[in-house]
Amino acid sequence: MRKAFSCLFLLATVGAASAADLDIIEAPEINPERFGWTGAYVGASVGYSWMNDVDRSFVPPFPDHGEDWVVGAHAGYLHQFGSVVVGAEVEYTNLDIRFERAPFKIYANDAVAAKLRAGYAMDRLLVSAHGGAVYATTNIRLQDWGWTLGANVDYALTNNILLGLQYTHFDFEEFDNTLIDARLDTVTARIGYKF
């Protein structure tokens, strides 16, 4: 009987010591709280844009192009469902790009785009695509709607500061009931504030 109590005491002591050892070597928290993309945001952008245009009212069609720096501002709202992020954004871009071959000064002035966004979040990194409608103006009073598609890569530097890169394609067919087809490709660096 004494041997049985001795064995039980020994097992209990070893078990307690092993449990204490496990508590000492327990790893720190492996999954800290993940960043959440849900919320409203505003921001500004700077980048470069390339414009191509074909005026089919001439025979043969008259092509033109232009390129320049662009600046802009944006505001939107995102909502996160697990790793999927969806939302909407309005973006203004000051183009000020001149048609280089036109016989007189023609500029693409401003563009305002309303876009839907959808993407995949990996903690503070968000990769997304966007698409929607865009309204553009020129210095010769031509103005019209077109469509836009693009992609973003965003990183949350802090809980409020967002940094990103964006590619956007604008497409206008028969601009303002003319035979002008215009296409713009824009790459911008963006900084934003998330509320």
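This is a predicted model: local features need pLDDT of at least 70, side-chain atom pairs count only at pLDDT 80 or more; totals for chains, interfaces and linings use all residues.
1. Glu 174 is partly exposed, with a relative accessible area of 43%. Phi of Glu 174 is near 50°, a positive value in a residue that is not glycine. Most residues other than glycine have a negative phi. Glu 174 sits in the loop between β7 and β8.

2. Asp 123 has a positive phi of about 60° and is not a glycine. The loop between β4 and β5 holds Asp 123. With 29% relative accessibility, Asp 123 counts as partly exposed.

3. Now the overall fold. The order from the N terminus is α-β-β-β-β-β-β-β-β. The chain has 195 residues, and buried residues make up 35% of them. Take the contacts between residues at least 6 apart in sequence: 57% of these join residues at least 24 apart. The accessible surface comes to about 11,700 Å². Carbon and sulfur atoms account for 66% of that surface.

4. Next, the salt bridges. How many does the structure hold? The count is seven. One of them pairs Lys 115 with Glu 89, with the closest N and O atoms 3.0 Å apart. This pair links distant parts of the chain: Lys 115 is in strand β4 (residues 107-122) and Glu 89 in strand β3 (residues 84-98), 26 residues apart. Are Lys 115 and Glu 89 buried or exposed? Both are buried.

5. Arg 117 and Asp 154 form another salt bridge, at 2.8 Å from N to O. Arg 117 is in strand β4 and Asp 154 in strand β6 (residues 143-156). The two residues are 37 apart, and the pair links distant parts of the chain. Arg 117 is buried, as is Asp 154.

6. These pairs do not stand alone. Glu 89, Glu 91, Lys 115, Arg 117, Asp 154 and Arg 190 are linked in a network of salt bridges. Lys 115 and Arg 117 both come from strand β4. Glu 89 comes from strand β3, and Asp 154 from strand β6.

7. A further salt bridge joins the side chains of Arg 183 and Asp 171, at 3.1 Å from N to O. Arg 183 lies in strand β8 and Asp 171 in strand β7, so the pair ties together parts that are twelve residues apart in sequence. Asp 171 is buried, with a relative accessible area of 5%. Arg 183 is partly exposed, at 32%.

8. Cavities come next. There are two of 30 Å³ or more. The largest cavity holds about 100 Å³ of space. Which residues lie nearest its centre? They are Tyr 41, Arg 117, Asp 154, Leu 162 and Arg 190, from a lining of 13 residues. The elements that give two or more residues to this lining are β2 (62-81), β7 (161-172) and β8 (180-194). The lining also meets the charged network: Arg 117, Asp 154 and Arg 190 are among the residues nearest the cavity centre, and these three are members of the salt-bridge network.

9. Val 127 is found in strand β5 (residues 125-138). Val 127 is partly exposed, with a relative accessible area of 38%.

10. Last, His 79. This residue lies in strand β2. His 79 is partly exposed, with a relative accessible area of 30%. Leaving aside neighbours within four places in sequence, which residues does His 79 contact? They are Thr 38, Val 84, Val 85 and Val 86. Thr 38 is 41 residues from His 79 along the chain, yet their C-alpha atoms are separated by 4.2 Å.

How values were computed. Residues are numbered from 1 along each chain as its sequence is written. Side-chain values use heavy atoms; hydrogens and water are left out. Helices (H or I, at least four residues) and strands (E, at least two) are DSSP runs, numbered from the N terminus. Buried means under 20% relative accessible area, exposed over 50%, partly exposed in between (1.4 Å probe, protein chains only). Contact means heavy atoms within 4.5 Å. Accessible areas come from the Shrake-Rupley method with a 1.4 Å probe; for residues, only the protein chains shown count as cover. On a 1 Å grid over the protein atoms alone, a cavity is a set of points where a 1.4 Å probe fits but cannot get out, and a pocket is an open set with protein on both sides within 12 Å along at least five of seven lines; lining residues have an atom within 4 Å of a point. Grid points are joined across faces, edges and corners, and a volume is the space filled by probe spheres set on the points. A salt bridge is a side-chain nitrogen of Lys or Arg within 4 Å of a carboxyl oxygen of Asp or Glu.
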